[in-house]
Amino acid sequence: MPDHSATHRHRPRMPVAAIGVLVLVLAACSASSPTSEPPASQAAVSQAPSVAASTAAGGTTVTLSGLAFSVAEITIPVGPLTFVSEDSVPHLLAEGQNGVEVSTPRVQKVSINPNSQGDLVFTVAGDYNITCTIHKTMNMVVHVQ
């Protein structure tokens, strides 16, 4: 009878514990949770470091905190985009850049009081530069599909 043990000695074997850990990691990666990103059919978000936008029932929300938008760029369907301020100062959001509103805006500007919220309503698909006319360093891009 031939000795097959030599061919089995050189094949690496994965310990049973490692297989269990791999299964748990894969399950955790595929699990859905409230903080997971929305499916491609919902808003696609390009996030700024350590902050995010969220998709709530009926729309998308961007947070204003530390005199900054929670995202630098976002893609949404035609409709409202809600801005929630966590700042202790007011914001005046408008279509424009670096604190300067465009001369013929396609969206109506919105004033947002401290710790409050407001909507910009996008009725036409296209790309929009959004700025705070009070805080010129607050800029973001909204892609409306």
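This is a predicted model: local features need pLDDT of at least 70, side-chain atom pairs count only at pLDDT 80 or more; totals for chains, interfaces and linings use all residues.
**Entry 1: strand E6 and its partners**

I stayed on E6, which covers residues 91–97. E6 is mostly covered, with five of its seven residues buried. Next I listed what E6 pairs with. E10 runs antiparallel to E6, and three bridges join them. E8 also runs antiparallel to E6, again with three bridges. On that side I noted His91 opposite Ile112 in E8. E7 is another antiparallel partner of E6, over two bridges. There I found Gln97 bridged to Val100 of E7.

**Entry 2**

I then looked at the hairpin of E6 and E7, where two residues sit between the strands. Asn98 is in that loop, between E6 and strand E7 (100–101). Its phi is positive, about 50°, although Asn98 is not a glycine. Is Asn98 buried or exposed? I get a relative accessible area of 51% for Asn98, and the cut-off for exposed is over 50%, so Asn98 counts as exposed.

**Entry 2: another positive phi**

I placed Leu67 in the loop between strand E3 (59–64) and strand E4 (71–76). Leu67 is partly exposed, at 36% relative accessible area.

**Entry 3: Phe83 and the core**

Which residues have the most contacts inside the largest nonpolar core? I wrote down Phe69, Phe83, Leu93, Phe122, Ile130, Met140 and Val142, out of a core of 21 residues. I also checked which elements give two or more residues to this core: E3, E4, strand E5 (79–85), strand E8 (110–112), strand E9 (117–122), strand E10 (126–132) and strand E11 (139–144).

Leaving aside residues up to four places away in sequence, Phe83 touches Val62, Leu64, Phe69, Leu93, Ile112, Ser116, Gln117, Gly118, Leu120 and Met140. Leu93, from my opening question, is among them.

How many residues apart in sequence are Thr61 and Phe83? I count 22 along the sequence, while the C-alpha to C-alpha distance is 5.7 Å. Thr61 is in strand E3, and at 15% relative accessibility Thr61 is buried.

Thr82 lies in strand E5. Is Thr82 buried or exposed? The relative accessible area of Thr82 is 16%, and buried means under 20%, so Thr82 goes down as buried. For its contacts, with residues up to four places away in sequence left out, I have Thr60, Thr61, Val62, Gln117, Gly118 and Asp119 around Thr82.

**Entry 4: stepping back**

Last, I looked over the whole protein. I count two helices and eleven strands. Reading along the sequence, I get α-α-β-β-β-β-β-β-β-β-β-β-β. The protein has 145 residues, and 28% of them are buried. I also looked at contacts between residues at least 6 apart in sequence: 52% of these join residues at least 24 apart. The accessible surface comes to about 9300 Å², and carbon and sulfur atoms hold 59% of that area.

Terms used: Residues are numbered from 1 along each chain as its sequence is written. Side-chain values use heavy atoms; hydrogens and water are left out. Helices (H or I, at least four residues) and strands (E, at least two) are DSSP runs, numbered from the N terminus. Buried means under 20% relative accessible area, exposed over 50%, partly exposed in between (1.4 Å probe, protein chains only). A nonpolar core is a set of buried Ala, Val, Leu, Ile, Met, Phe, Trp, Tyr and Cys residues joined through side-chain atoms within 4.5 Å. Contact means heavy atoms within 4.5 Å. Accessible areas come from the Shrake-Rupley method with a 1.4 Å probe; for residues, only the protein chains shown count as cover. Two strands pair if DSSP finds at least two bridges between them.
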